[in-house]
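The following note sets out points for a colleague who is examining the model shown below. Each point takes up one aspect of the fold.

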Amino acid sequence: MSRSRIVIVGAGFAGYQAARTLSRTLRGAVEIVLVNPNDYFLYLPLLPEVASGVLEPRRVSVSLAGTLPRVRLVLGEVDGIDFDQRRLQYVDPEGRSGELAYDRLLLTVGSVNKLLPIPGVAEHAHGFRGMPEALYLRDHINRQIALAAASEDAEEAAARRTFVVVGAGYTGTEVAAHGQMFAESLARQHSWYEHGRQEHGRQEPPDEREGHEAAGARDGKERRTRWMLLDIAPRVLPELDERLSETAHEVLDKRGVEVRTGTSVKEATSEGVLLDNGDFVPTRSLIWCVGVRPDPLVKDLGLETQQGRIVVDEYLRVPGRPEVMACGDAAAVPDLTRPGEITPMTAQHAVRQGKTAGRNLAASFGKGASRPYKHHDLGFMVDLGGVKAAANPLRVPLSGPLANVVTRAYHLAAMPGNRVRVLADWALDAVLPRQAAQLGLVRSWSVPLESSSPEVARVPTH
Ligand SMILES: Cc1cc2nc3c(=O)[nH]c(=O)nc-3n(C[C@H](O)[C@H](O)[C@H](O)COP(=O)(O)OP(=O)(O)OC[C@H]3O[C@@H](n4cnc5c(N)ncnc54)[C@H](O)[C@@H]3O)c2cc1C
């Protein structure tokens with residue numbers, strides 16, 4: 001008699017934990033199949049460190065086959081599910097279609113970049129939701145600094161040294177904080193940084209000089225790259241504790257990052273960004289971190305949704321389909337600690353929901369008992385680069401080096417693999433300059449903002 005089969009769609013925080021829990025609980029009694037476009041679990045919270053050259057990309061990519069025994073990995077992207085027939089279709093990385101039958105199904109397809117209908121943004125901005133975008137950004141920053149150094153046109157050079165990050169949630173704040181340090185470290189490696197632009201016969205445009213003097217007056221150093229962090233909200237990290245916002249704002253301000261709250265983008269062009277207050281900021285870099293929305297597969301499934309996420313009960317079951325479960329960013333999980341609300345889209349919830357889903361799936365095969373999902377938020381960590389961070393583990397507000405140690409220790413403990421490699425990169429980064437080498441393998445057109453698969457780089461179709 002053939003074994004029953006559980007299929008998990010998506011190997012992110014929720015899917016990975018569910019597969020691990022099932023593998024340990026069922027020990028081969030039921031077939032576990034994990035469908036994911038990549039053969040690794042991506043530890044997203046450390047992605048800003050990949051984009052800023054602190055960590056090499058494979059450090060945050062944990063092998064699925066290498067860490068999930070008794071789990072069959074099927075490389076592919078699911079593009080249709082027949083719930084009545086209990087079958088799903090997928091496309092593998094070489095474009096071939098496949099089908100899988102299931103007895104139980106867990107949907108953990110996560111989320112993609114959120115778009116806003118602002119002219120020019122889809123064409124000129126890049127998101128920050130997957131590895132290809134992080135690799136693109138790392139090279140892009142490098143390239144802009146190098147092109148600025150080589151340019152004889154002062155205005156063009158200034159635009160290339162200007163980086164605009166939109167969205168001051170944890171992703172945008174970390175991208176701006178790490179990005180600024182990375183760009184400065186690269187700029188310092190160019191001779192014009194030491195000898196000044198005047199020696200090369202170039203003048204800074206007057207508004208740039210003013211900007212530099214203002215920053216210089218603030219932190220006593222001349223600033224060579226310009227970073228802006230915009231948000232329509234009145235403070236950075238608007239969704240987190242105010243004390244974290246204050247710490248993050250202070251760190252960014254000291255580094256010369258221009259934080260503009262209550263500000264949005266009106267239009268983006270190839271030459272720069274028009275803000276809603278009428279200012280035009282010349283730049284070649286618009287980094288879009290305004291948030292995420294559930295993976296587009298969700299809306300094609302015909303299941304009930306809330307705020308675009310699959311409706312489930314507190315046991316993570318889809319109503320009317322007892323064999324189907326969903327959790328993580330893609331699901332509207334009732335938050336039993338805040339009645340009437342659904343859990344936020346965070347790794348903290350996705351990890352725990354994945355474990356609960358694994359336990360409840362095992363229980364449906366007679367191993368253990370089902371439990372409802374309930375989790376009190378344990379606080380948040382925001383790594384601000386260097387030895388700075390803002391954190392409130394268990395609601396205790398921390399800042400500075402202590403917060404940084406706690407944040408890094410938390411990430412190491414939370415990663416399901418690659419810990420020694422991550423530690424080694426952190427140690428190297430503490431003593432060596434960042435590598436100014438752009439490989440140019442991910443081009444602008446292969447990481448469009450509007451993508452249903454930010455986890456894979458787009459390839460040309462013939
Ligand atoms: C840069 C960044 C930093 C973050 N930092 C933090 C942080 O510090 N703390 C925190 O709590 N949260 C953080 N988050 C949020 C957190 O990463 C998400 O809430 C979490 O990843 C959600 O987990 P998930 O399993 O639902 O989805 P994901 O982790 O996104 O996983 C979804 C998986 O499904 C796969 N998939 C998608 N579509 C399909 C399909 N059709 N077929 C098959 N597979 C598919 C994807 O490839 C992916 O592997 C961060 C997010 C980002 C982008």
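Of the 34 residues around the ligand, which come nearest?

1. Ligand shell. G10, G12, G110, G328 and A350 come nearest to the ligand, out of 34 residues around it. The shell divides into 18 nonpolar, 11 polar and five charged residues. In this division Ala, Val, Leu, Ile, Met, Phe, Trp, Tyr, Cys and Pro count as nonpolar, Asp, Glu, Lys and Arg as charged, and the others, Gly among them, as polar.

2. Basis of the model. The model is predicted; local features need pLDDT of at least 70, side-chain atom pairs count only at pLDDT 80 or more, and totals for chains, interfaces and linings use all residues. Residues are numbered from 1 along each chain as its sequence is written.

3. Elements that supply the shell. At least two residues of the shell around the ligand come from each of α1 (13-26), β2 (31-36), β6 (77-82), α7 (170-188) and α11 (347-363). Helices (H or I, at least four residues) and strands (E, at least two) are DSSP runs, numbered from the N terminus. The chain has 13 helices and 27 strands.

4. Domains. The chain is divided into domain 1 (5-37 + 76-113 + 293-363) and domain 2 (121-290 + 381-446), with bounds that come from an automatic or database domain assignment. The C-alpha centres of domain 1 and domain 2 lie 34 Å apart. Each of the two domains gives at least three residues to the shell around the ligand.

5. Overall dimensions. The radius of gyration of the chain is 23 Å, which agrees with the value near 23 Å for a compact globule of 462 residues. That radius is taken over C-alpha atoms, and the globule rule is 2.2 Å times the number of residues to the power 0.38. Along the principal axes, the C-alpha atoms fill a box of roughly 80 × 55 × 40 Å.

6. Buried residues make up 45% of the 462 residues. A residue is buried if 20 or more other C-beta atoms lie within 10 Å of its own, exposed if 12 or fewer, and partly exposed in between, with C-beta atoms placed from the backbone. Among contacts with a separation of 6 or more, 67% are between residues 24 or more positions apart; two residues are in contact if their C-beta atoms, placed from the backbone, lie within 7 Å.

7. The five-stranded sheet. An open sheet has the order β11-β18-β12-β13-β14, with parallel pairing. Its edge strands, β11 (125-126) and β14 (258-261), each pair on one side only. Two strands pair if DSSP finds at least two bridges between them. Four bridges link β12 (residues 162-166) and β18 (residues 285-288) in the parallel sense, and L286 in β18 is the bridge partner of V164.

8. The six-stranded sheet. A second open sheet runs in the order β5-β2-β1-β9-β23-β22, and its pairing is mixed. Strands β9 (residues 104-107) and β23 (residues 321-326) are parallel, over three bridges. In β23, V324 is the bridge partner of L105, and A326 is that of L107.

9. β22 and β23 run antiparallel and are joined by two bridges, with R317 opposite M325 in β23. The hairpin has two residues between the strands, and G320 takes a positive phi near 80°.

10. Most residues other than glycine have a negative phi. R86, in the hairpin of β6 and β7 with four residues between the strands, takes a positive phi near 55°. Five bridges join β6 to β7 (residues 87-91), and the two run antiparallel; R87 in β7 is the bridge partner of D82. R86 counts as partly exposed because it has 18 C-beta neighbours inside 10 Å. Q307 also has a positive phi, near 50°, and is found in the loop between β20 (305-306) and β21 (309-311). With 10 C-beta neighbours inside 10 Å, Q307 counts as exposed.

11. The segment after α13. Q435 lies in the segment after α13 (419-431). Q435 counts as partly exposed because it has 15 C-beta neighbours inside 10 Å. From C-alpha to C-alpha, Q435 and P397 are 34 Å apart in space, at 38 residues apart in sequence.

Technical notes:
Near = placed C-beta within 6 Å.
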